[in-house]
Amino acid sequence: MPWAFSSSSTVRAADTRPLVEDEGRYLNYPIFTFDEQKLFETYRIVMKAGSALSTQPHMKGVVEYVTVFSGEVDITVAGDQVRLTKGDSIRFAADVPHAYQNSGEETAERLEASLRAAGPVTELLKADPDPEALLRAALPGLALEVLEKRPIAYRCDCSRERMERALISLGREELRAMIDEQGSAELTCRFCDNVQRFSREELEALLASC
Ligand SMILES: [Zn+2]
């Protein structure tokens with residue numbers, strides 16, 4: 001029952017804070033923002049005269065619904081431009097580059113709703129493992145600027161030296177008993193399963209350094 005709401009929510013214009021683009025001329029006021037259950041969000045966007053914003057393609061399945069309620073807005077979707085004035089609406093698949101421009105003399109306002117066919121984050125990543133695509137999905141209507149990229153890796157900072165310190169921290173008595181009873185030691189890192197073996201001679205050397 002995706003459209004069954006248990007209560008109503010009122011958002012006052014005075015309580016919304018804009019996301020500012022285009023040097024303060026493009027103000028995006030989030031109204032109802034995306035959540036994983038509803039896959040739907042709305043924004044009120046105020047475009048001062050001359051302002052413009054280009055948007056990278058959103059994920060496949062994202063559809064934007066736009067209604068202009070004052071001024072004029074030129075909308076370009078995959079190279080095709082259409083001018084909307086007060087009361088006009090457009091709906092388009094937003095998985096292509098699109099841009100909004102106020103080429104009129106007055107401030108324009110529009111309501112923008114976007115609906116996603118996409119599901120949870122794990123599904124989104126399966127469909128497109130590019131993390132930039134995920135960011136674009138999370139920031140619809142905003143120009144995204146990547147400031148830095150870093151490789152990520154599954155790794156552990158364990159080392160033989162760290163395991164030696166762990167052995168030393170057992171104390172002389174424990175270490176002595178280990179040498180006498182087992183003759184050697186095999187330590188496995190609980191995080192990465194890295195195995196380090198210590199011979200009797202190595203354990204004796206560690207004991208001597210205790
Ligand atoms: Zn490890």
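This is a predicted model: local features need pLDDT of at least 70, side-chain atom pairs count only at pLDDT 80 or more; totals for chains, interfaces and linings use all residues.
1. Two strands count as paired if DSSP finds at least two bridges between them. Strands (E, at least two residues) and helices (H or I, at least four) are DSSP runs, numbered from the N terminus. By that rule β6 and β9 pair: four bridges join them, and they run antiparallel.

2. Residues are numbered from 1 along each chain as its sequence is written.

3. The open sheet has four strands, in the order β4-β9-β6-β7, with antiparallel pairing. Its edge strands, β4 (52-55) and β7 (80-85), each pair on one side only. Neighbouring strands are turned by 15 degrees against each other on average, direction ignored. Axes are lines fitted to C-alpha atoms, for helices over the stretch in contact; angles run from 0 to 180 degrees between N-to-C directions.

4. Six bridges join β6 (residues 72-77) to β7. Thr76 has Gln81 of β7 as its bridge partner. Four bridges join β4 to β9 (residues 98-101). There, Leu53 is partnered by Tyr100 of β9.

5. Helices α4 (residues 172-182) and α5 (residues 200-209) have axes that come within 10 Å and cross at roughly 165 degrees. That makes the two helices α4 and α5 roughly antiparallel (angles over 145 degrees count as such).

6. The α4 contact residues include Leu175 and Ile179, and those of α5 include Leu203 and Leu207 (contact: C-beta atoms, placed from the backbone, within 7 Å).

Note on methods:
Angles under 35 degrees count as roughly parallel, over 145 as roughly antiparallel, 65 to 115 as roughly perpendicular and the rest as oblique. Two residues are in contact if their C-beta atoms, placed from the backbone, lie within 7 Å.
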